Amino acid sequence: MLPVQRLAIRALRPAVRGIHSGSIGTTGRTSLPINTVFKFVPQQEAWVVERMGKFSRILDPGLAILIPLLDRIAYTQSLKEVAVEIPTQSAITQDNVTLELDGVLYYKVIDAYKASYGVANAEFSIAQLAQTTMRAEIGQMTLDTTLAERNTLNHNIVNAINSASESWGIACLRYEIRDIHPPSKVVEAMHSQVSAERSKRAQILESEGARQSAINVAEGAKQAQILESEAEKAQQINRALGEAEAIRQTAMAEAQAIERVAKAIRGSDGGELAAGLHVAQQYVEAFGNLAKESNTIIVPASANDVSGMVAQAMTVFNTVSSNQKKLVKDTSAASSVKPSQGQIAEHGTGGFGSEQVGH
């Protein structure tokens, strides 16, 4: 058997033993794989092969055949997402407050060649870059901004790390700040500020409630006065309408009564005597009720002369009746004869004026 064949057989024996034992493809490897000609690359891993000390190729997952003594597996890179804990560090904000911060960085190898030859220790380098970037970003922000805008801070740190680690073949997926520890005195001042702010808001809300309550009470009183005045107005209007209607009805009733009495007096024999009798009865009833209404009694000079009072009343009645008849007669005569403009003026100033004076 040739020496080269013997060497090949010796190289194959460890590979076969590795396949049967299941050691190939395990994670947490502490040493580089040995060239056994036939190698099985695990999933989500990339093996960098050097031939005679120079980069040769990158092995993809699956079966790979190497040349003994010439090929060497120089680097193994995991293509999975890796979480790196960033230790606690101090940072000074823009308003000179010292903070203690820690976080977690998630990165992934996207180029096995750059990750192998671009940086000596990728995990250590990315952790140091995250720390320095976080200090630089916090130095540009105030304490309140740092506490309120964590997402913005995380986004800025990720962008800064990606721009710096582009030549390393590493992509920073995200960065999360876990804890921020301000000084104890600053924490006490923040608690006092929060308490004062809450007290201020409570007083403002209480004053606004009192103000709104006073406005509602005043508005209610205003509406009550408006409604009361409108009700009083409607009541007065209704009362005035009722009184006017009562007066109208009373006047109509009195007019109808007077008209009927006048017709009865003119159209019946002895009507004037009946009217005189009615006047005498009212005269006697009026004197009978004087003492009931008041202690003061007004008695005419001829209180015992009832017939004289009746005769006087009838005289007034006859005078009014004769004047009304004369007025009706003059009105009918004026309507039958149409006088001129001068005669109307003379008649108006002479005839009616004298009658009104006589009446």
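Colleague: Which residues touch the most other members in the largest nonpolar core?

Modeller: In this predicted model, the largest nonpolar core has 28 residues, and Leu101, Leu105, Ile161 and Tyr175 are those that touch the most other members. Strand 6 (81–92), strand 7, helix 3, helix 5 and strand 8 each supply at least two residues of this core, and helix 3 gives the most, with 7 residues.

Colleague: What makes this set of residues a nonpolar core?

Modeller: The name requires buried residues of nonpolar kinds, such as Leu, Ile and Tyr, joined through side-chain atoms within 4.5 Å. Leu101, Leu105, Ile161 and Tyr175 belong to the set of 28 residues that was found in this way. As a general background, nonpolar side chains tend to be buried together in soluble globular proteins.

Colleague: Which residues does Leu105 touch, once those up to four places away in sequence are not counted?

Modeller: Leu105 touches Val82, Ala83, Val84, Ile86, Ile126, Ala130, Ile161, Cys172, Arg174 and Tyr175. Each of these counts as a contact because it has heavy atoms within 4.5 Å of Leu105. Apart from this core lies another, of 7 residues, among them Val41, Val49, Leu59 and Ala64.

Colleague: How do you know that the buried residues of helix 5 line one face of the helix?

Modeller: The residues in question are Leu153, Asn154, Ile157, Val158 and Ile161, which are buried in helix 5. Seen down the axis of helix 5, the buried residues fall within an arc of 135°, and therefore they line one face of the helix. An α-helix has 3.6 residues a turn, so residues three or four places apart point the same way. On the other side of helix 5, Asn151 and Ser163 are exposed, a word that asks for over 50% relative accessible area.

Colleague: What do the buried residues of helix 5 pack against?

Modeller: They pack against strand 7 (98–109), helix 3 (122–138), helix 4 (143–148) and strand 8 (170–181). Helix 5 lies across strand 7 and strand 8, and runs at about 145° to strand 8.

Colleague: How does the span of helix 5 stand against the value expected at 1.5 Å a residue?

Modeller: Helix 5 (residues 150–164) has 15 residues and reaches 21 Å from its first C-alpha to its last, which is close to the expected 21 Å. Helix 3, with 17 residues, reaches 24 Å between the corresponding atoms, close to the 24 Å expected for it.

Colleague: Which residues of helix 3 are called buried, and what do they pack against?

Modeller: The buried residues of helix 3 include Ala122, Ile126, Leu129, Ala130, Met134 and Ile138, and also Ser125, Gln131, Thr133 and Glu137; the word is used for residues under 20% relative accessible area. The buried residues of helix 3 pack against strand 6, strand 7, helix 5 and strand 8. Helix 3 lies across strand 6, strand 7 and strand 8, and runs at about 40° to strand 6.

Colleague: Why are strand 6 and strand 8 said to stand at the edges of their sheet?

Modeller: The sheet is an open one of 3 strands, in the order 6-7-8, with antiparallel pairing. Strand 6 and strand 8 each have a single partner strand, so one side of each is left without a neighbour in the sheet. Neighbouring strands of this sheet are turned by 20° against each other on average, direction ignored.

Colleague: How do you know that strand 7 pairs with strand 6 and with strand 8?

Modeller: Pairing asks for at least two bridges between two strands, whereas strand 6 and strand 7 have 10 bridges in the antiparallel sense, and 10 bridges join strand 7 to strand 8, which also run antiparallel. Ile86 stands opposite Gly103 in strand 7, and Lys108 stands opposite Ala171 in strand 8. In the hairpin of strand 6 and strand 7, which has 5 residues between the strands, Asn96 takes a positive phi near 60°.

Notes. Residues numbered from 1 in each chain as written. Predicted model: local features only at pLDDT ≥ 70, side-chain atom pairs only at ≥ 80, totals over all residues. Heavy atoms only, no water. Helix = DSSP H or I, 4+ residues; strand = E, 2+ residues; numbered from the N terminus. Expected span 1.5 Å × (residues − 1). Buried < 20%, exposed > 50% of the residue type's maximum accessible area, 1.4 Å probe, protein only. Arc of directions from axis to C-beta. Axes fitted to C-alpha atoms, helices over the stretch in contact; angles between N-to-C directions.
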